[in-house]
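Tutor: Let us work through this structure by question and answer, with each term given its cut-offs where it first comes up.

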Amino acid sequence: MRIVDGHCDALTKLFQNDRLDFHADETELDVCFPKLKRAGVKVQCFAMYLSESITNPSFDHILQMVDIFYRRLLNHPEMMFIRTAADWRALEQSQKIGAILTLEGLDILAGNMTYLRILHHLGVRSMGLTWNYANWAADGVMEPRNGGFTKKGLRMLKEIESMGIIVDVSHLSVAGFWELVDIYKKPFVATHSNAKSLCPHPRNLSDEQIKAIIACKGLMGITFVPYFLENSMTDVPISSILRHIDHVGSLGGESHVGFGSDFDGIEHWVKDLRHTGQYGNIIDALCKNYTESQVEAFLYGNWRNFMLANLPQ
Ligand SMILES: [Zn+2]
């Protein structure tokens, strides 16, 4: 069974720790090559996120992360960089694992269109607009004032749209989300968010938001953060993930739902889902509850269809 995972933070850990080896079975990495291989992950998205603990974050830090992505992650004959739909199709003819480079939060771009274009040149194909708090472009979902976009943010959003970079609304404020729905013409994704009506965490999406993602032919990645699945940190079972899939399905989203684990960005885990190598436990649970073609769509096909339609051809 092939798998696409729409979000992980392994790059952040590699950036913070020079000694971590992506190609070894590192206990400190939830996502690393041997675990991806074992699980059958075919495509993994790798987010560049600058932790709030970095003093004086700069564009240079993001360039260092891109360098790490090329130098310590893609430097394996079985890893393949996915920048276009054609890359993805070629990947399917090989035994390799595909990697998509993404940015979590526009913070560091500071309205600079040259920076934006440079990241696109370097292969960044999806961008989250904010992390949890406000940045120069828009408010994040934990920002109490719940503002939307700034003028500069809207300007960059237009540029992102015209360049064909995929917009990721996970972490965006509710007001920002609806502003985007009004003005943004292309399909967009929430790479790692769950259903608010099942778990009322601010990071989750209301039914109306989920319907808007479905309506734009977007994609929602169900995430394995325990407290976005249930109101609990521990002992959250895999069946809880299935409840969220069911819910998106009940809103008409069966073809618009996939996974975005948030591995390496979490410090609590779903039971029996401690790292990417344990994806098989989800597959087992899915196979007991859905048809083979549904399971294939949730794990792989829905993300694949979205990416083939929205990556540069
Ligand atoms: Zn995140």
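Student: Do α11 and α12 cross in a left-handed or a right-handed way?
Tutor: This is a predicted model, in which local features need pLDDT of at least 70 and side-chain atom pairs count only at pLDDT 80 or more, while totals for chains, interfaces and linings use all residues. Residues are numbered from 1 along each chain as its sequence is written, and side-chain values use heavy atoms, with hydrogens and water left out. The axes of α11 and helix α12 (residues 292–310) are 8 Å apart at an angle of about 145°, where axes are lines fitted to C-alpha atoms, for helices over the stretch in contact, and angles run from 0 to 180 degrees between N-to-C directions. A crossing is left-handed if the near helix is turned anticlockwise from the far one by less than a right angle, and right-handed if clockwise, and that of α11 and α12 is right-handed.

Student: How many nonpolar residues does the contact of α11 with α12 have?
Tutor: Helices (H or I, at least four residues) and strands (E, at least two) are DSSP runs, numbered from the N terminus, and contact means heavy atoms within 4.5 Å. On that basis I283, L286 and C287 in α11 meet V295, F298 and L299 in α12. Ala, Val, Leu, Ile, Met, Phe, Trp, Tyr, Cys and Pro count as nonpolar, Asp, Glu, Lys and Arg as charged, and the others, Gly among them, as polar. The contact of α11 with α12 has no polar and no charged residues, and its number of nonpolar ones is 6.

Student: Is α10 roughly parallel or oblique to α11?
Tutor: Helix α10 (residues 238–250) and helix α11 (residues 279–289) have axes that come within 10 Å and cross at roughly 55°. Angles under 35 degrees count as roughly parallel, over 145 as roughly antiparallel, 65 to 115 as roughly perpendicular and the rest as oblique. The relation of α10 to α11 is therefore oblique.

Student: Which residues of α11 make the contact with α10?
Tutor: α10 passes α11 in a right-handed crossing. From α10 the contact takes I238, I241, L242 and I245, and from α11 it takes N281, I282, A285, L286 and N289.

Student: What is the angle at which α7 and α8 pack?
Tutor: α7 passes α8 in a left-handed crossing, and the contact is made by V174, F177, W178 and V181 of α7 and E208, Q209, A212 and I213 of α8. These residues divide into 6 nonpolar, 1 polar and 1 charged. The two helices are roughly parallel to each other. Helix α7 (residues 174–183) and helix α8 (residues 207–215) have axes 11 Å apart and pack at an angle of about 30°.

Student: How many residues apart in sequence are the parts that E104 and H192 tie together?
Tutor: Donors are N, O and S atoms within 2.8 Å of the metal (3.2 Å for Na, K and Ca), and water is not among the atoms, so sites may look incomplete. The zinc ion is coordinated at 2.1 to 2.2 Å by E104 (OE), H171 (NE2) and H192 (NE2), with the spacing E-x66-H-x20-H along the chain. E104 lies in strand β4 (residues 97–104) and H192 in the loop between β7 (189–190) and α8, so in sequence the separation of the parts that they tie together is 88 residues.

Student: Are E104 and H192 buried or exposed?
Tutor: Buried means under 20% relative accessible area, exposed over 50%, and partly exposed in between (1.4 Å probe, protein chains only). By that scale, both E104 and H192 are buried.

Student: What is the relative accessible area of N56?
Tutor: N56 lies in the loop between β2 (41–48) and α3 (59–73), and its phi is near 50°, a positive value in a residue other than glycine. N56 is exposed, with a relative accessible area of 67%.

Student: How far apart in space are I108 and P57, C-alpha to C-alpha?
Tutor: I108 lies in the loop between β4 and α5 and is buried, with a relative accessible area of 12%. Leaving aside neighbours within four places in sequence, the contacts of I108 include L50, P57 and F59. Although 51 residues separate I108 and P57 in sequence, their C-alpha to C-alpha distance is 7.2 Å.
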